[in-house]
Amino acid sequence: MFAYYYPINLHYTDMAFGSIYANWLNLIHSEYQLPWDKAFRKLGLGTPGDHHIHHKLFKYNFGHLFMWWDQLFGTYKSILDYPAVFSDSV
Ligand SMILES: [Zn+2]
C-alpha cells in the first residue's frame, strides 16, 4: 500500500543517501587518517580520528556525520588532543 504512494524520485533520493551514508560509516571506521580530515574537521564533519575517540572513550563524539552537536553540547573531543591513541601508521 505504501509503495503505491511512494514517488519514484524519492526512492532514488533514499538510495543516494543510503549509499553515501554507508560509505561514510565505512570511512569513519577505517582507522586511517585521510587526506581531507583537516578540512572536514574545520567544517565540523566527522573523521576517523573523531570516531576513534568515540570508540575509545565512549562518552565523546556521538555524531557520526556532524560533530556540530558534540561541539554545541560539550561532548566533542578532538583527536588532536589524543595523538597517542590514533596514528596514521597501520
Ligand atoms: Zn563506530
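The following legends accompany several views of a predicted model.

**Figure 1. Overview of the predicted protein.** Residues are numbered from 1 along each chain as its sequence is written. Because this is a predicted model, local features need a pLDDT of at least 70 and side-chain atom pairs count only at pLDDT 80 or more, while totals for chains, interfaces and linings use all residues. The secondary structure comes to 5 helices and 0 strands, in the pattern α-α-α-α-α along the sequence. Helices (H or I, at least four residues) and strands (E, at least two) are DSSP runs, numbered from the N terminus. Buried residues make up 16% of the 90 residues in the protein. A residue is buried if 20 or more other C-beta atoms lie within 10 Å of its own, exposed if 12 or fewer, and partly exposed in between, with C-beta atoms placed from the backbone. Among contacts between residues at least 6 apart in sequence, 26% join residues at least 24 apart; two residues are in contact if their C-beta atoms, placed from the backbone, lie within 7 Å.

**Figure 2. Confidence along the model.** The average pLDDT of the protein is 87, and 88% of the residues score at least 70. This score is the predictor's confidence in each residue, from 0 to 100. Where pLDDT is low, the predicted coordinates should not be read in detail.

Figure 3. Helix α2 has 21 residues and reaches 31 Å from its first C-alpha to its last, close to the 30 Å expected at 1.5 Å a residue. The expected span is 1.5 Å times one less than the number of residues in the helix. This helix is hardly covered, as the count of buried residues among its 21 residues is 1. L27 lies in α2, which spans residues 8-28, and is partly exposed because 17 other C-beta atoms lie within 10 Å. Leaving aside neighbours within four places in sequence, L27 is in contact with L34 and P48. The C-alpha atoms of L27 and P48 are separated by 6.7 Å, and these residues are 21 apart along the chain.

Figure 4. E31 is found in the loop between α2 and α3 (37-43). The phi of E31 is positive, about 65 degrees, although E31 is not a glycine. E31 is partly exposed, since 14 other C-beta atoms lie within 10 Å.

Figure 5. The buried residues of α4 are G49, D50, H51, H52, I53 and H54. What covers these buried residues includes α2 and α3. Just after α4, F58 takes a positive phi of about 65 degrees.

Figure 6. N61 is placed in the loop between α4 and α5 and has a positive phi of about 55 degrees although it is not a glycine. N61 counts as buried because it has 27 C-beta neighbours inside 10 Å. M67 is in the loop between α4 (48-57) and α5 (68-73), and M67 counts as buried because it has 24 C-beta neighbours inside 10 Å. Not counting residues up to four places away in sequence, M67 touches G44, L45, G46, D50, N61 and Y76. The C-alpha atoms of M67 and R41, 26 residues apart along the chain, are separated by 8.4 Å.
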